[in-house]
Amino acid sequence: LAHAAVGFIEGSADRRWRAGWRVSMFLALIAAFTPSAWLFAVVVVVLVIGALLVIAPRTVRVAAVWGPLVVSVAVPLLLLAPGVVGMLGRGAAGLFQEAGRAMANPGPFDLLAGRFPDLAAPEWVGLALVLPALVALLRGRTRTAVVSCWVLVALAAAVAAVLSRVTIDLPAGVSQPGLGFSLVLIQGALIVAVMIAAHGMREVVGGGSFTWRQPVAAVLAALIVVVPLGGLAWWLVDGDNLFEDPDNSGVPAYMTQAVQDDPSNGVLIVRGNVGDGLTWTVRRGDGITLGQDEILALTDIDDSLDKHVTELVSQADEKTVMDLAAQGIEYVVLPSPADAQVAATLDSTSGVTQASTADRSTRAWELDAQVDAAAIDGDGPWWHPWLLALQVVAVIVVAVLCGPSRREER
């Protein structure tokens with residue numbers, strides 16, 4: 001993305017336009033995982049156009065100057081149309097969520113160190129880049145490039161500071177926008193600044209003789225490799241690996257196998273107690289895997305199933321059991337410690353049979369009614385296929401526009 005953005009300063013209008021299309025393609029790919037990247041790009045484009053209006057108002061009026069910049073941030077919305085429109089239907093809350101497990105947002109020093117709290121190497125590992133990046137400002141020949149890096153750091157920090165004060169109301173609770181892109185951008189800009197300094201230091205002075213610059217350059221070069229790789233190694237060896245969390249759902253193994261073989265055989269998991277309140281969720285397939293917890297956070301409660309679950313744990317009858325089976329529920333599990341009042345209600349319910357569990361404090365039942373195999377089938381909104389078709393056409397058109405022109409202007 002950064003390499004494509006360099007094309008904005010080309011003298012050829014044709015190359016600037018192609019840079020705009022390329023930036024839009026890469027930005028859409030990144031924003032699909034971390035939407036704050038698009039927000040940051042919008043801030044940069046607005047600031048650049050505003051600066052050009054002050055410095056060179058006549059130049060910025062040329063379409064080949066401002067057009068590619070606008071294209072770079074407008075086209076990603078088209079390339080991501082199905083997701084963008086779907087999110088807008090939920091109050092646009094998901095537009096600022098990031099892919100991956102939810103983690104505490106980094107503070108100022110964490111941003112500079114390129115780390116998330118509690119899950120990464122100590123701050124001093126990443127902060128080792130800050131001093132060399134500041135010293136790199138002292139060299140006149142490469143000062144412009146290093147200043148550009150620090151401008152990116154400042155903008156990313158400003159965007160992160162604003163987003164860190166924003167709260168988003170989701171169906172699953174209150175959340176905050178993800179700051180992963182700002183963190184990566186700051187770390188990347190610092191690495192580039194140190195790399196520029198190392199490149200300047202390695203220049204031989206005095207007719208090819210050995211100078212103090214060479215060992216300093218070697219140290220800086222080693223630093224820009226050791227810091228990111230060292231942080232990764234620290235996390236792999238000593239950090240918490242959230243990718244290998246054990247299954248603590250309380251669902252017996254044979255039920256897990258059944259829902260993996262056929263997702264329509266759902267397991268209703270009820271937690272809590274009558275005094276403090278009960279919560280429920282339905283497990284299907286492999287359960288909530290990486291990438292699906294964000295979807296769950298954006299998903300509203302199924303009011304119809306919520307009503308049937310309420311009836312099941314309070315005053316269930318055969319009709320309630322039939323209704324649950326019609327919605328793809330085959331098993332009911334109360335993970336340890338199971339509420340005695342709810343367990344007694346289910347034990348006395350007609351059409352429900354006790355099932356075995358490995359943990360005695362966990363209770364489970366199987367519904368006798370036949371599960372509807374088509375319970376989880378359904379059609380999406382009518383406009384979704386049309387948006388997918390538009391997305392495919394847009395990707396093809398933008399890919400063609402990214403390529404070199406047959407006859408470039410002189």
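In this predicted model, the side chains of arginine 115 and aspartate 110 meet in a salt bridge, with 2.7 Å from N to O. Both arginine 115 and aspartate 110 are buried. As a general principle, side chains of opposite charge can pair when their charged atoms come close. A search of the whole structure finds five such salt bridges, and two further examples may be set beside this one.

Aspartate 323 forms a salt bridge with lysine 319, and their closest N and O atoms are 3.0 Å apart. Both residues belong to helix α16, which covers residues 318–326, and they are four residues apart, or about one turn of the helix. Lysine 319 has a relative accessible area of 58%; a residue counts as exposed over 50%, and therefore lysine 319 is exposed. Another salt bridge joins arginine 363 to aspartate 347, where the closest N and O atoms are 2.8 Å apart. This pair links distant parts of the chain, since arginine 363 lies in strand β7 and aspartate 347 in helix α17, 16 residues apart. Arginine 363 is partly exposed, with a relative accessible area of 22%, and aspartate 347 is also partly exposed, at 34%.

The discussion now turns from charged side chains to nonpolar ones. In soluble globular proteins, nonpolar side chains tend to be buried together. The largest nonpolar core in this structure has 40 residues, of which Phe40, Leu129, Trp150 and Leu190 touch the most other members. Helices α3, α5, α9, α10, α11 and α12 each supply at least two residues of this core, and α11 gives the most, with 12 residues. The surroundings of leucine 190 can be followed in detail: apart from its neighbours within four places in sequence, leucine 190 is in contact with Leu112, Leu129, Val130, Ala133, Trp150 and Val153. A second, separate core holds 20 residues, among them Leu305, Val309, Val313 and Leu334.

Met255, Thr256, Ala258 and Val259 are buried in α13. Seen down the helix axis, the buried residues of α13 fall within an arc of 160°, so they line one face of the helix. On the other side of α13, Ala253 and Asp261 are exposed.

The structure holds two aromatic pairs, one of which is formed by tyrosine 254 and tyrosine 331 in an edge-to-face arrangement, 6.4 Å centre to centre and with 85° between the planes. Tyrosine 254 is partly exposed, with a relative accessible area of 36%, whereas tyrosine 331 counts as buried at 8%.

Proline 337 lies in the loop between β5 and α17, and a cis peptide bond, with omega of about -5°, joins serine 336 to proline 337. Proline 35 is found in the loop between α2 and α3. Is proline 35 buried or exposed? Its relative accessible area is 14%, and because buried means under 20%, proline 35 is buried. Proline 35 and alanine 99 are 64 residues apart in sequence, and their C-alpha atoms are 9.2 Å apart in space.

Methods
Residues numbered from 1 in each chain as written. Predicted model: local features only at pLDDT ≥ 70, side-chain atom pairs only at ≥ 80, totals over all residues. Heavy atoms only, no water. Buried < 20%, exposed > 50% of the residue type's maximum accessible area, 1.4 Å probe, protein only. Arc of directions from axis to C-beta. Phe/Tyr/Trp six-rings, centres within 6.5 Å; stacked < 30°, edge-to-face > 60°. Core = buried A, V, L, I, M, F, W, Y, C linked by side-chain atoms within 4.5 Å. Contact = heavy atoms within 4.5 Å. Salt bridge = Lys/Arg side-chain N within 4 Å of Asp/Glu carboxyl O.
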